Amino acid sequence: MKISASVVAQMLGSWDAGPGPAHQRLSDRLRLLVLDGRLVLDAALPSERDLALALRVSRTTVGTAYRSLADAQFIDTRPRSRAVVRLPDDPMPHRRAASSAPTIDLSFAAPAAPGPILHRAFATALERLPRYFDRRGYERDGVVELRESVARWYAGRGLATRPNQIMITNGALHAVALIARTLVRPGDRVVIDHPTYPHAIRAFTDARARLVPVALEPDGWNAGQLRVAGRGAAMAYLIPDFHNPTGQCMPARVRRGLELECPIVVDETMADLAIDLPRPVAFAADHPDAISIGSTSKSIWGGLRIGWIRARPSILNRLSQMRPGTDLGTPILEQLAASVLLDSLHTHLPDRVDLLRAQRQALYNALAQHLPDWTVPIPPGGLSFWVALGDPISSRLAAIAPDYGITLAAGPRFGIGGAFERHVRLPYSLPEEDFAAAVEQLAAAHRAVLRGERGKHKPSTVA
Ligand SMILES: Cc1ncc(COP(=O)(O)O)c(C=O)c1O
């Protein structure tokens with residue numbers, strides 16, 4: 001796949017800020033784009049001349065950056081052909097964490113399992129499993145017990161639902177990818193919140209969609225801009241309830257008044273994590289044609305790998321036809337356990353929400369103490385702070401963070417075109433006792449970036 005100079009320039013964003021020679025900053029930023037998966041393997045980069053023109057720098061700058069990437073085995077160069085992206089066997093051979101303490105992972109916004117509750121649910125699921133022994137185990141749309149439990153979950157959120165409006169998936173991301181593969185054709189426009197959930201960006205990009213970002217301002221969604229962006233689009237993918245990464249919740253007034261000409265897909269993976277507000281009414285209560293995605297990953301545990309889609313049966317039929325392209329159904333035992341867990345959510349969710357409230361406060365306090373110049377808006381729910389750093393240093397901070405014993409998801413992962421270099425997502429889903437050390441290490445990494453030190457680490461996966 002050939003990538004044009006203008007697309008690379010857009011991905012690079014504000015690469016030119018910061019200390020060190022320009023060729024070094026350029027090769028650093030290109031390397032991060034490769035490690036992030038934003039510049040995909042085997043992609044053919046623009047010629048030195050074209051990229052130099054697009055970036056308004058000398059050809060020598062681009063040539064030197066390309067040579068250092070080739071030396072580090074991040075690209076293959078051949079005379080008279082485009083440089084091609086590759087990955088070295090060991091992307092960071094010379095770097096070692098400064099301390100031998102285990103790395104604190106601030107790249108995942110996902111809570112640990114509620115151990116005993118999970119254990120009991122699986123015990124009940126095992127008792128129920130023999131009901132399925134005379135069947136083949138391929139339940140493409142999900143077992144009826146779980147579809148009924150999910151329907152009850154929606155009813156509890158103010159939206160009457162029948163089990164035939166539900167399809168069970170292997171987590172919410174599987175649902176996003178299945179929807180993208182089934183309902184988006186190459187070249188279609190898909191409206192997204194900006195920032196948004198990185199793997200959704202990837203799922204829509206893999207479906208060859210053209211993404212239309214609509215900025216999510218600090219004061220929320222702009223209904224007018226969404227309406228304009230939705231004209232002629234194949235769909236809008238929105239995260240109204242405790243948005244990832246900002247934690248914002250779309251006010252009832254805005255969601256009721258939202259008028260889009262395209263289908264709306266809402267990802268309600270975080271909807272149960274209402275820390276300061278009552279749990280919001282399901283989006284489809286106001287928009288009956290909306291396609292809704294849900295998951296047990298944040299309210300219960302990511303390891304269940306259980307998600308679902310709520311849609312009209314005609315849409316579910318199309319999704320169901322498409323599904324065997326990648327998988328043939330979700331494990332039965334996990335579905336039975338998820339059914340037990342969802343039905344008893346009202347008994348264990350309040351504890352989880354109380355814990356998140358305390359963790360949110362602990363991380364906020366540690367940040368106020370060690371990084372007082374950062375701006376940390378407190379979201380009403382969800383799992384993370386979307387922190388404004390002041391300077392455009394997020395990728396550099398994420399690249400150096402492992403040297404200081406932490407992993408981070410840099411701001412640009414949550415957007416397109418190199419946006420959000422001034423932001424970083426910090427999840428408060430870790431145990432409270434980790435935050436003091438995590439933030440001290442983060443502050444040390446921040447000081448290192450301000451001193452001009454460079455990191456070489458591979459950005460980790462996000463959730
Ligand atoms: C908005 C959103 N959608 C989907 C997912 C993925 O969820 P699952 O683990 O159910 O695949 C996440 C996980 O962080 C998320 O934040």
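Trainee: Which residues does L426 touch, leaving out those up to four places away in sequence?
Mentor: L426 touches L106, L363, L367, W374, L383, S384, F385, V387, L408 and L442, where contact means heavy atoms within 4.5 Å. Keep in mind this is a predicted model: local features need pLDDT of at least 70, side-chain atom pairs count only at pLDDT 80 or more, and totals for chains, interfaces and linings use all residues. Residues are numbered from 1 along each chain as its sequence is written, and side-chain values use heavy atoms, with hydrogens and water left out.

Trainee: How many residues are in the largest nonpolar core?
Mentor: 89, and L426 is among those with the most contacts inside it, as are W308 and W374. A nonpolar core is a set of buried Ala, Val, Leu, Ile, Met, Phe, Trp, Tyr and Cys residues joined through side-chain atoms within 4.5 Å. Buried means under 20% relative accessible area, with a 1.4 Å probe and protein chains only.

Trainee: OK, switching to strand 7: which residues are buried on each side?
Mentor: M235 and Y237 on one side, A236 and L238 on the other. Strands are DSSP runs of E, at least two residues, numbered from the N terminus.

Trainee: And what's the bridge partner of V191 there?
Mentor: A236 in strand 7. Three bridges join strand 5 to strand 7, and the two run parallel.

Trainee: Last one, the ligand: how far is its oxygen atom from the side chain of S297?
Mentor: 2.7 Å, to an N or O atom of the S297 side chain. For K298, a ligand oxygen is also 2.7 Å from a side-chain N or O atom.

Notes:
Buried means under 20% relative accessible area, exposed over 50%, partly exposed in between (1.4 Å probe, protein chains only). Helices (H or I, at least four residues) and strands (E, at least two) are DSSP runs, numbered from the N terminus. Two strands pair if DSSP finds at least two bridges between them. A polar contact is a pair of N or O atoms within 3.5 Å; within protein, one must be able to donate a hydrogen and the other to accept it, and residues adjacent in sequence count only if both atoms are side-chain atoms.
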